[in-house]
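Visitor: I would like to learn how to read the features of a model such as this one. Please take them one at a time.

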Amino acid sequence: MAADENAFSELIQDYIVECLPLAEQVGDAFVALERRWKEGDPGDNTLAALAGPLHTVKGNSAMMGIAPAQTVAHALEDICALLTAEPRLRGDEGAALLVSGSGMLIDLVRRAAGGAQPEAAAEFAEQARAFITSAQTGAAASESAGESTERRAGDRRITSRREEAASEPGSVVRVDFRRLDALLEVLGEGMIEQSAVIELYRRLARKVGPSDEVADLDRALLALQKTIKRMEGILMETRLLPASSVFNRFPRLVRDLAHAAKKPVRLVTSGGATPLDKAILDRLGEPLIHLLTNAVVHGIESPEERARAGKPAEATLDLRATSESGRVVIRLSDDGRGLDDASILAKAEALGLEVRASDPEQLRALIFLPGFSTVKEVSSLAGRGVGLDVVATSIRELGGTIEVSSRPGQGVSFTLSLPLTLAILRSLIVEVDRERYAVPLSHVTATVRTEPDTMHQINQKGVALWRGDLIHVADAGELLGTGAPPNGSRRFYVVIGTGARRRGILVDRLIGHQDIVVKSLDPTVGRPEVVSGTTILGDGKVACILDVVRILDQRVPV
Amino acid sequence: MHSRRGAHSGPAGAGVSAAPDKPRTGSLLHFADELDRQRPATEAPTGAELHLVTFALDREEFGLPIAQVREVIRVGEITRVPQARPHVRGVTNLRGRVLAVVEIRTRLGLTVATTTPRSRIIVVGVHDRTLGILVDAVSQVVKVPADTVVPPPEEVLSPGTDYISGVARWNSRLIVLLDLEKVLSLQD
């Protein structure tokens with residue numbers, strides 16, 4: 001009991017240590033922006049840069065169950081998103097909201113351990129909503145080509161600035177990427193050793209009690225932690241390349257494909273300046289080529305068919321990359337015929353899958369299953385027996401997700417969400433039947449203490465009422481096959497999620513947040529569905545990293 | 001690696017009592033050299049030799065070619081991996097690397113045994129992969145004349161035991177020689 005309380009208060013401390021500087025950074029930036037906007041200078045992309053820290057604060061607040069801070073951070077994010085897209089709206093009213101909201105956020109984070117009043121947070125969220133609604137109704141009238149060209153011009157400006165910075169003569173050295181990998185490996189070992197030292201410090205502090213030396217050591221370790229974090233940041237930045245390094249190959253590819261398929265197609269790319277880890281970019285080309293080929297060969301109709309549908313003869317493929325809260329989102333849209341829901345349903349039935357035809361999203365997700373192709377004619381270009389499941393698998397192996405949306409007659413859009421880097425993963429460490437596991441924080445929505453009257457059963461499966469929704473809560477011991485009989489005594493559950501999907505996993509203890517160095521799993525071990533890799537923890541023990549995306553994908557609950 | 005050792009333990013046995021030209025690092029190889037030194041001169045082999053690391057499981061003794069053995073380590077904490085293949089005990093930390101540990105006992109059809117202070121992990125290299133093999137105890141490093149190796153009696157073989165590449169009869173001991181690649185193919 002006491003150990004759990006300790007662990008929990010340590011988690012709160014971790015939260016404050018991580019989030020307070022971020023909240024303060026955001027607050028300072030808003031104050032600076034307010035001044036600039038007063039002077040009539042709406043430019044700059046400071047706002048976009050604040051999305052990351054805000055999102056981290058929001059996510060961590062949600063995880064720790066500090067709802068007011070989460071609410072305020074969320075409202076701030078919404079305002080930032082609006083103002084990023086609409087520079088015209090950058091003025092007194094917006095700035096005042098941002099400044100007051102961030103002030104509130106700093107206060108909420110600082111007092112995370114003691115209670116805060118949710119009323120003020122709710123009130124602020126209301127104000128933010130009102131501001132956004134009025135701005136949008138005002139904007140609807142004046143929305144026109146002007147806005148989008150402005151944005152595009154903005155993109156280009158960023159691109160050219162980056163290119164300038166990259167090509168400044170005399171300040172650039174060429175480095176073999178393997179050396180950066182080696183550097184990262186060493187840094188990773190440093191991080192493991194650091195967490196070993198911190199672990200020892202905690203034990204020592206508990207043993208000897210408070211003293212000046214312990215306090216000094218605490219400060220010194222905090223400083224070391226910050227330095228290593230900065231080192232990691234700089235190294236990660238060094239490893240980043242613009243998405244254009246992959247995108248650049250595509251205009252010619254699409255041109256050739258279009259030519260062969262006798263369909264006029266135009267490829268429009270944007271967001272080429274969006275940075276991504278080279279290790280990810282290297283493995284992104286294949287899946288994207290696959291999607292582009294599919295789009296040209298299957299997605300886009302013949303010119304005659306397009307003419308009958310009243311579409312321009314030349315089809316448009318739109319490929320864009322954007323940075324969204326610490327991840328990179330790549331979206332490929334075509335203006336072709338859209339997915340054939342009827343064929344998918346028929347195929348699903350032929351394969352004996354149970355689907356609800358009324359749920360188009362569930363239906364369309366099936367196209368990522370192995371052996372699922374509705375294409376009737378096999379052409380030399382696509383339909384080489386390699387399906388979308390291969391694309392989905394490679395994206396998942398990169399720690400990403402892929403989603404599809406489709407509107408009949410109007411086109412298909414694939415959305416890939418990718419981590420910025422593969423090597424280091426911010427994780428929540430949990431304990432299940434005396435083994436520890438890492439859960440990537442990017443997919444942790446919340447951690448919840450189990451209360452006896454909140455846990456229920458439907459059809460012998462655990463469910464919990466979480467924030468007004470019934471979610472399935474699985475026992476981690478069962479999910480991971482630890483062999484220990486479920487005894488209903490697990491004290492926490494972790495809510496994991498992607499998109500709109502949520503699932504809870506019951507665990508024994510929450511150990512804390514940690515940046516872990518990802519070590520791939522030896523193929524000798526097999527290809528477990530629930531594990532994406534391993535890492536070495538501070539005490540030298542190996543822990544498995546849970547593959548949250550695939551756990552969520554499991555249709556049949558354990 | 002192989003050639004270096006070959007030169008050292010040449011057919012004439014010239015190197016048997018001579019000190020190795022370079023001090024070898026790694027306790028196991030050092031151990032092998034010690035053995036060389038202690039061996040009485042009368043045992044000097046006359047033909048080709050097999051250099052083996054032997055380990056015991058229950059009442060059988062097994063041998064692995066030393067060329068495939070990188071080192072022998074004590075058993076640290078082994079982390080179970082959910083949904084791992086059969087015969088995989090888990091993963092362990094080998095100086096910052098994550099090493100897969102194979103449960104050789106069940107692979108060879110024996111029952112699982114608990115690890116004891118005598119248990120060891122034999123770290124082997126097969127192709128470019130490095131793996132750990134969990135054994136009850138490592139007996140020793142031996143040199144066995146190649147001409148003592150015979151095929152096992154067919155009657156003791158059963159389907160799926162093609163990982164036995166032969167049996168060495170040496171000093172009234174029977175050492176079952178394992179074909180690591182087949183042992184580790186882990187097809188089930």
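**Reading the two chains**

Guide: Among contacts in chain A (heavy atoms within 4.5 Å) between residues at least 6 apart in sequence, 70% join residues at least 24 apart. In chain B, 58% of the contacts between residues at least 6 apart in sequence join residues at least 24 apart. This is a predicted model, in which local features need pLDDT of at least 70 and side-chain atom pairs count only at pLDDT 80 or more, while totals for chains, interfaces and linings use all residues. Residues are numbered from 1 along each chain as its sequence is written, chains are lettered from A and ligands numbered from 1 in the order in which they are written, and side-chain values use heavy atoms, with hydrogens and water left out.

Visitor: How many helices and strands does chain A have?

Guide: Helices (H or I, at least four residues) and strands (E, at least two) are DSSP runs, numbered from the N terminus. Chain A has 18 helices and 18 strands. For chain B the secondary structure comes to four helices and 11 strands.

Visitor: What share of the residues in chain A is buried?

Guide: Buried means under 20% relative accessible area, exposed over 50%, and partly exposed in between (1.4 Å probe, protein chains only). Of the 558 residues in chain A, 46% are buried. Of the 188 residues of chain B, 45% count as buried. Accessible areas come from the Shrake-Rupley method with a 1.4 Å probe, and for residues only the protein chains shown count as cover. Chain A has an accessible surface of about 28,200 Å², 54% of which belongs to carbon and sulfur atoms.

Visitor: Which residues touch the most other members of the largest nonpolar core?

Guide: A nonpolar core is a set of buried Ala, Val, Leu, Ile, Met, Phe, Trp, Tyr and Cys residues joined through side-chain atoms within 4.5 Å. The largest such core has 100 residues, and Phe30(A), Leu105(A) and Val124(B) touch the most other members. Helix H1 (residues 2-38) of chain A gives the most to this core, 13 residues. At least three residues come from each of domain 1 (2-163) and domain 4 (424-553) of chain A; the domain bounds come from an automatic or database domain assignment. Another core, of 45 residues, lies apart from it, and Ile280(A), Leu281(A), Leu317(A) and Ile402(A) are among its members.

Visitor: What does Leu105(A) touch, leaving out residues up to four places away in sequence?

Guide: With those left out, the residues touched by Leu105(A) include Ala23(A), Leu54(A), Val57(A) and Leu76(A).

Visitor: Which residues of helix H16 of chain A are buried?

Guide: In H16 (residues 388-397) they are Leu388(A), Asp389(A), Val391(A), Ala392(A), Ser394(A) and Ile395(A). Their cover includes helix H12 (285-299), strand E6 (401-407) and strand E7 (411-419) of chain A.

Visitor: Where does Asp433(A), a residue with positive phi other than glycine, lie?

Guide: The general idea first: most residues other than glycine have a negative phi. Asp433(A) has a phi near 45° and lies in the loop between strand E8 (424-432) and strand E9 (435-440) of chain A. Asn171(B), also not a glycine, has a positive phi of about 50°. Asn171(B) sits in the loop between strand E10 (164-170) and strand E11 (173-178) of chain B, and is partly exposed at 47% relative accessible area.

Visitor: Which parts of chain A does the salt bridge of Arg490(A) and Asp508(A) tie together?

Guide: Arg490(A) and Asp508(A) meet at 2.8 Å, N to O. Arg490(A) lies in the loop between helix H17 (476-480) and strand E14 (492-498), and Asp508(A) in the loop between strand E15 (501-507) and strand E16 (509-517), so the pair ties together parts 18 residues apart in sequence. Arg490(A) is buried, with a relative accessible area of 7%, and Asp508(A) counts as buried at 19%.

Technical notes
Salt bridge = Lys/Arg side-chain N within 4 Å of Asp/Glu carboxyl O.
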